[in-house]
Amino acid sequence: MFRDISFGQYYPTNSLVHKLDARVKLLLTILFVVVIFFIKSYFGFMLTAFVLIVIILTARLPIISVLKSIRGILFIIIFTSLINLFFVKQGEILWHWKIFTITKVGVHTTIKMVLRLVLLISGASLLSLTTTPVQLADGVESIMAPLKLIKFPVRDVAMIMSIALRFIPTLFEETNKIIAAQKARGASFDTGGFFARAKAMMPVLIPLFVNSFRRADELAFAMDARCYNATDKRTKMKKARIGFGDIVALLFMLSFATVILLDRYYFAGVGITIDYWIFGDLL
Amino acid sequence: MSAIELKDLTYIYSKKTPFEKRALDDINLSVEEGTFLGIIGETGSGKSTLIQHLNGLIKVQNKKVSSVVVNGLSATEKKTLKQLRFEVGIVFQYPEYQLFEDTVKKDVAYGPKNMKLPQEEIDARVRRALEVVGLNYDEFAERSPFELSGGEKRRVAIAGVIAMQPKILVLDEPVAGLDPVGRSEILALIKQLQKDVSPTIIMVSHNMDDIAMLADRIIAMYDGKIELDGTPSEVFCNREKIKEIGLDLPLATRLRDKLVEKGINLPDGIVTPAQLEASLAAIKNGTAKDEVGGGDNV
């Protein structure tokens with residue numbers, strides 16, 4: 001049931017993107033996600049898609065593994081695009097029936113929203129596809145380091161994060177095991193209405209929770225037994241360093257962000273002019 | 001007709017990714033009704049994948065080539081899948097971690113309820129299943145499964161499967177993590193189950209002594225293939241192969257080999273303590289009196 005979930009799964013290849021510093025990747029991902037919300041024109045979307053494809057090819061990931069992450073939010077995409085399509089009421093009316101109206105503006109808003117979501121999720125999934133959970137948690141800790149000044153428990157939070165990330169696959173595996181066991185007792189999770197299905201999940205959720213608490217207890221004891229404490233005296237086995245590749249990646253993404261922002265604010269939509277060249281009357 | 005018929009069964013995990021793994025490699029297996037089949041093999045040799053094919057929990061990957069037929073029901077047939085699930089009861093590893101209801105009675109009733117049996121039949125089956133696993137109905141029925149001891153929880157979980165009265169019972173490591181008393185009680189229970197509930201039993205175990213004692217037939221798996229297949233004596237006589245695929249010999253067999261090294265003339269094919277004892281007794285009563293003395297000292 002959950003075997004095909006790929007969001008959050010590390011995909012090992014020996015690429016330049018994989019070797020980047022996790023902190024840099026984390027910050028660039030945030031930059032990418034923010035920039036996506038500034039895109040105004042189809043030109044901007046094409047540029048973003050191009051950048052994304054360049055990163056995917058550099059990372060030597062099969063495009064399908066990136067697209068798989070979209071599957072998880074397919075429902076949200078379809079739902080919001082239908083809402084957008086039928087209820088945006090500005091502009092030229094193309095089709096009308098009872099309370100449903102499709103307008104030209106509505107169609108464009110919908111297409112852009114779908115593009116935005118698809119690019120957003122694929123971009124974000126690149127981070128987890130190319131960075132191991134441990135690297136990621138270390139990166140977060142390092143980025144949050146200044147917060148120590150205001151007595152924020154950075155190390156504790158980082159440890160909580162690493163543990164949480166570490167246990168995602170374990171919990172998936174466990175969920176699968178419990179589902180298998182209940183199916184073997186004749187449970188069915190894919191028939192009946194919404195409530196019937198939700199109720200059918202109880203025999204899975206209850207043992208899952210019970211086992212998680214048990215596991216948390218055991219882990220706490222094990223850490224205690226090895227004298228774990230989150231003081232500043234703790235040292236790292238692997239120290240991350242910013243290298244040449246990181247600077248290249250940084251410059252690449254910054255120039256991409258600049259183009260998108262310039263397109264939106266300074267040139268007052270050069271992209272939109274380009275859109276007209278390409279799509280002409282469709283707009 | 002055999003109870004289980006596997007033909008050319010191959011299964012590959014995470015196909016076409018860097019994690020690709022061939023869990024089953026062209027397995028052919030036929031199990032007669034009434035057999036106690038033991039499955040041995042290292043971790044990752046494909047045992048779990050194999051048993052989950054038997055009730056369609058894992059779907060046959062290549063329907064054109066492979067086939068899984070259990071009691072005349074094909075595991076690739078969607079319509080009879082539910083029926084197949086009730087025909088083959090699987091007790092997974094650490095089954096106590098799958099308990100979820102607030103009373104023992106309700107938990108055991110989960111399977112029969114899914115079978116859509118009438119309420120009186122469900123009650124009768126729950127009562128019987130609990131008695132079979134050695135839990136007093138009046139004492140345990142209304143208790144929460146979470147407050148029981150480890151061994152008791154496992155009995156409840158097993159009762160949950162046998163309440164469906166499956167014709168074939170599959171147990172994956174049924175005694176893992178239990179104390180010695182719990183172990184021997186559960187093993188005795190399994191032997192009893194074959195007589196009372198499920199004539200055909202398949203048991204996966206890492207413990208060669210348990211398997212040698214209980215099974216009529218053993219298959220040893222390695223890297224998705226069946227490497228050895230036969231009676232316990234036949235399988236464990238193949239000492240080199242057993243070692244090669246990362247397994248051990250039963251204690252009785254190792255003791256027999258040591259005794260043979262010391263010059264006591266024991267027959268090959270001894271796999272259980274009872275057999276060893278019988279062979280030693282035969283020597284004692286027979287002619288080779290001086291050798292028996294040596295045997296007793298070891």
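Let's start where the chains meet. Chain A and chain B bury about 2000 Å² between them, and carbon and sulfur atoms carry 61% of that. Buried area here is the accessible area, with a 1.4 Å probe, that two parts lose on being put together, summed over both.

A word on the source. This is a predicted model, where local features need pLDDT of at least 70 and side-chain atom pairs count only at pLDDT 80 or more, while totals for chains, interfaces and linings use all residues. Residues are numbered from 1 along each chain as its sequence is written, chains are lettered from A and ligands numbered from 1 in the order in which they are written, and side-chain values use heavy atoms, with hydrogens and water left out.

Back to the interface. Chain A puts 21 residues into the contact, and chain B puts in 26. Contact means heavy atoms within 4.5 Å.

What about charge? The rule finds one salt bridge across the interface of chain A and chain B. Arg185(A) pairs with Asp107(B) in a salt bridge, with the closest N and O atoms 3.2 Å apart. The rule asks for a side-chain nitrogen of Lys or Arg within 4 Å of a carboxyl oxygen of Asp or Glu.

Six residue pairs are in polar contact between chain A and chain B, both residues at pLDDT 80 or more. A polar contact is a pair of N or O atoms within 3.5 Å; within protein, one must be able to donate a hydrogen and the other to accept it, and residues adjacent in sequence count only if both atoms are side-chain atoms.

Which helices of chain A supply at least two residues each to the side that touches chain B? They are helix H8 (154-184) and helix H10 (202-225). Helices (H or I, at least four residues) and strands (E, at least two) are DSSP runs, numbered from the N terminus. By class, that side of chain A has twelve nonpolar, five polar and four charged residues. Nonpolar covers Ala, Val, Leu, Ile, Met, Phe, Trp, Tyr, Cys and Pro; charged covers Asp, Glu, Lys and Arg; the others, Gly among them, are polar.

Now chain A by itself. Chain A has twelve helices and two strands. Its C-alpha atoms fill a box of roughly 70 × 55 × 40 Å along the principal axes. Domain 1 of chain A is 1-132 + 238-283, and domain 2 is 154-229. Those bounds come from an automatic or database domain assignment. The C-alpha centres of the two domains of chain A lie 32 Å apart.

On to chain B. Domain 1 of chain B covers 4-242 and domain 2 covers 254-297. Their C-alpha centres are 36 Å apart. Seven residues of domain 1 of chain B touch seven residues of domain 2 of chain B. The two domains of chain B bury about 540 Å² between them, with 55% from carbon and sulfur atoms.

How many salt bridges link domain 1 and domain 2 of chain B? Two. In chain B, Arg239(B) forms a salt bridge with Asp268(B), at 2.9 Å between the closest N and O atoms. On the side of domain 1 of chain B that touches domain 2 of chain B, helix H8 (208-214) and helix H9 (232-237) of chain B each supply at least two residues. H9(B) gives the largest share, four residues. That side of domain 1 of chain B counts five nonpolar, one polar and one charged residues.

Last stop, a sheet. Chain B has an open sheet of four strands, in the order E2-E1-E4-E5, with antiparallel pairing. Its edge strands are E2 (21-31) and E5 (73-74) of chain B, each pairing on one side only. Strands pair if DSSP finds at least two bridges between them. Strand E4 (residues 67-70) of chain B is joined to E5(B) by two bridges. Val69(B) has Ser74(B), in E5(B), as its bridge partner.
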